Amino acid sequence: METTLDIQRKRLQLRAWRRGFKEADLILGRFADARLAGMSADEVDQFEALLDEADGDIYDWYLGRQPLPAEFDTPLFAAIKAFPVADHAADGDGPGAT
């Protein structure tokens, strides 16, 4: 039986890939594919809060174009910035890709 956290992780993985902004899809989707299953409940909640933000804002914070708000200045966001996105590129990126 799936736990509430498992269901939340699956929902967030899909949301990470369905941003509507290709760069955000690739950054957040690939990060979610690689790391979401191992995140603590607190980290999952932080990731969900981040996904509630506008793609343009997330991308500007990621690139350092705009200052990162204090609520997102966390080890999780640092892990997203440090994540080797290009190393996780694959044909058929996205949820359910093999």
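Residues are numbered from 1 along each chain as its sequence is written. Because the model is predicted, local features need pLDDT of at least 70 and side-chain atom pairs count only at pLDDT 80 or more, while totals for chains, interfaces and linings use all residues, and side-chain values use heavy atoms, with hydrogens and water left out.

Helices here are DSSP runs (H or I, at least four residues), numbered from the N terminus. H1 has 14 residues, and its first and last C-alpha atoms lie 20 Å apart, close to the 20 Å expected at 1.5 Å a residue; the expected span is 1.5 Å times one less than the number of residues. Gln8, Arg9, Leu12, Ala16 and Trp17 are buried in H1, where buried means under 20% relative accessible area and exposed means over 50%, with partly exposed in between (1.4 Å probe, protein chains only). Seen down the helix axis, these buried residues fall within an arc of 160°, so they line one face of H1; the arc is that of the directions from the helix axis to the C-beta atoms. The face turned away from the buried side carries the exposed residues Thr4 and Lys10. The buried residues of H1 pack against H2 and H3.

At 3% relative accessibility, Leu51 counts as buried. Leaving out residues up to four places away in sequence, Leu51 touches Leu12, Arg15, Ala16, Arg19 and Leu28, contact being heavy atoms within 4.5 Å. Leu51 and Ala16 are 35 residues apart along the chain, yet 7.0 Å separates their C-alpha atoms.

The largest nonpolar core has 23 residues, and Leu28, Phe47, Leu50 and Ile80 have the most contacts inside it. Such a core is a set of buried Ala, Val, Leu, Ile, Met, Phe, Trp, Tyr and Cys residues joined through side-chain atoms within 4.5 Å. Two or more residues come from each of H1 (4-17), H2 (22-35), H3, H4 (55-63) and H5 (75-82). H2 gives the most, with five residues.

Finally, a search of the whole structure finds one cavity of 30 Å³ or more. A cavity is a set of points, on a 1 Å grid over the protein atoms alone, where a 1.4 Å probe fits but cannot get out; lining residues have an atom within 4 Å of a point. The largest cavity holds about 40 Å³ of space, a volume being the space filled by probe spheres set on the points, which are joined across faces, edges and corners. Its lining includes Leu28 and Ile80.

Conventions. 1 Å grid on protein atoms, 1.4 Å probe; cavity = no way out; pocket = protein on both sides within 12 Å on 5 of 7 lines; lining within 4 Å.
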